[in-house]
There are 4 protein chains.
Amino acid sequence: MSPKENELALTIVQKMMLENDAFSLWLDVKLLQVAPGYCKITCPVRSEMTNGFKIAHGGITYSLADSALAFASNAHNIKAVSVETSISHTKKVVEHDVLTAICMEKNLSSRFGIYEVTVKNQREETVALFKGTVFRTGEKWIETF
Amino acid sequence: MSPKENELALTIVQKMMLENDAFSLWLDVKLLQVAPGYCKITCPVRSEMTNGFKIAHGGITYSLADSALAFASNAHNIKAVSVETSISHTKKVVEHDVLTAICMEKNLSSRFGIYEVTVKNQREETVALFKGTVFRTGEKWIETF
Amino acid sequence: MSPKENELALTIVQKMMLENDAFSLWLDVKLLQVAPGYCKITCPVRSEMTNGFKIAHGGITYSLADSALAFASNAHNIKAVSVETSISHTKKVVEHDVLTAICMEKNLSSRFGIYEVTVKNQREETVALFKGTVFRTGEKWIETF
Amino acid sequence: MSPKENELALTIVQKMMLENDAFSLWLDVKLLQVAPGYCKITCPVRSEMTNGFKIAHGGITYSLADSALAFASNAHNIKAVSVETSISHTKKVVEHDVLTAICMEKNLSSRFGIYEVTVKNQREETVALFKGTVFRTGEKWIETF
């Protein structure tokens, strides 16, 4: 990707998406890396994200992965919406864990994108595998010439 | 189901699961109905659950559906853990919507259960379809004789 | 649905789809019922469909369910293509079983349809649960006025 | 993996599974590579596998991917059964195409394995992405000491 495309991706994801996304901010999501079709984000697991046995609710890992999907797929500067997502939780997530989600593009056509998100903990252990399909509406985030 | 099984289901889900589940409480989840293999729960959509365009983050609907899966599948008094879940978001969810998730058992064997959760808004419109597979560990929540 | 819509559905599915579908014919698929968004089809399990332990290959049940998805979703007289499908095999299928797949529409929008297919054997036992999402291209099978 | 483990994998998959699998033989599946948790298999697309528009039935690609899942997951010398599989068809497959499925292990625990299968055509274009979860029964294919 060209430096210009990466800069555009950063503006869309950081300024237009993440900074306006109340729930991702509640999760304390930080953007580590972004490029068209790719992103890496992180968040810490707090007490209020657990189910009372000090284990994170499955919805927390899903939410982080779903944000990663939204960021990576929209970073092409074409608005994309989720069609179908699936997740397998492979290892328990506990309070004080720090999760990192890496979203990779597996396939891209004019209408659809397919993405894989791997969520790891601070020991680089995979805690969840997520797959998502998005529909690309054709509408741009930022007009370019 | 016998009245006794339903009473056991209520104790497990309300007292042992929901009342200890910090994240479900943050979501303000209320249990409307529960029986072995079935539950109906609800939560309101607050500003902090949205992505800044007043649209609920996909993780909110997933979390409600995932809680419904956990409650319905554990209501058999056998501990069950999620193996794989998938969700399709079919309609936008906005601030002030009230979501209701109904979890139905589609198949049950000694080791696995398959569930479908339909999430609707206050106008009875389907906003998400969720499918979940759980592994049944064999361990009981409450010893019965 | 009106009688006219059902007649159109039958023409599309029986004449334009099934009778030209070499692989569905190899499976010996028979159409039992069809309407816009719905169909019921059946096929017998032959020796060459098994994996050598007299158990049907997972691809056989998937193929029957996938044909059911194609028939039900295209029966609206709008060409629809599969975006994502998933299947859980819940019971072994053996040689001489007769499978029946029932496809129900769970959600329909202008662009997407979500369908559930239940596959049963001759004893009415569920052998597989299938979920499919299709994209509706907008193109008609038969021009109507 | 040790040479001995790979030899065991080859015996299980080639001799005990593929050579007895009538439907994989009908598909003309050939084993190109196998190791514990991994395999690469191929098959040609014949006229009888199409839906009459010279496009392969979705069940053909699924069946190849599902065989790849079975071979890779059982190559650990522990019997494994499919729990849930999903597939996205990303490009049309036509008569005379030659498909290759590569199955990679994404996660392995004592009870479950998660696999990704990528199916490509003879031009190295991805035609389908498949994800599968298996349950590991604990039973061995071949007793080892």
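This is a predicted model: local features need pLDDT of at least 70, side-chain atom pairs count only at pLDDT 80 or more; totals for chains, interfaces and linings use all residues.

Reply: Strand S3 (residues 78–89) of chain C and S3(D) pair in the antiparallel sense over three bridges. One of the residue pairs joins Thr85(C) to its bridge partner Ile87(D) in S3(D).

Me: What makes S3 of chain C and S3(D) a pair of strands?

Reply: Pairing requires at least two bridges between the strands. S3 of chain C and S3(D) have three bridges, so they count as paired.

Me: Which residues count as part of the contact between chain D and chain C, and how many does each chain give?

Reply: A residue counts if its C-beta atom, placed from the backbone, lies within 7 Å of that of a residue it touches. The contact takes 27 residues from chain D and 27 residues from chain C. On the side of chain D, helix H2 (22–26), helix H3 (58–74) and strand S3 (78–89) each supply at least two residues. S3(D) gives the most, with eight residues. By class, that side of chain D holds eight nonpolar, 15 polar and four charged residues.

Me: Why are chain D and chain A said to be related as by a two-fold rotation axis?

Reply: Chain D superposes on chain A by a rotation of 180 degrees with 0.0 Å of shift along the axis, at an RMSD of 0.0 Å. The two copies are thus related as by a two-fold rotation axis. Of the residues of chain D, Lys131(D) comes closest to the rotation axis, its C-alpha lying at 4.3 Å.

Me: How do you know that the copies meet through the same surface?

Reply: Of the interface residues of chain D, 100% are also interface residues in chain A, so the copies meet through the same surface.

How values were computed
Residues are numbered from 1 along each chain as its sequence is written. Chains are lettered from A and ligands numbered from 1 in the order in which they are written. Two residues are in contact if their C-beta atoms, placed from the backbone, lie within 7 Å. Helices (H or I, at least four residues) and strands (E, at least two) are DSSP runs, numbered from the N terminus. Ala, Val, Leu, Ile, Met, Phe, Trp, Tyr, Cys and Pro count as nonpolar, Asp, Glu, Lys and Arg as charged, and the others, Gly among them, as polar. Copies are superposed by least squares on the C-alpha atoms of residues with pLDDT of at least 70 in both.
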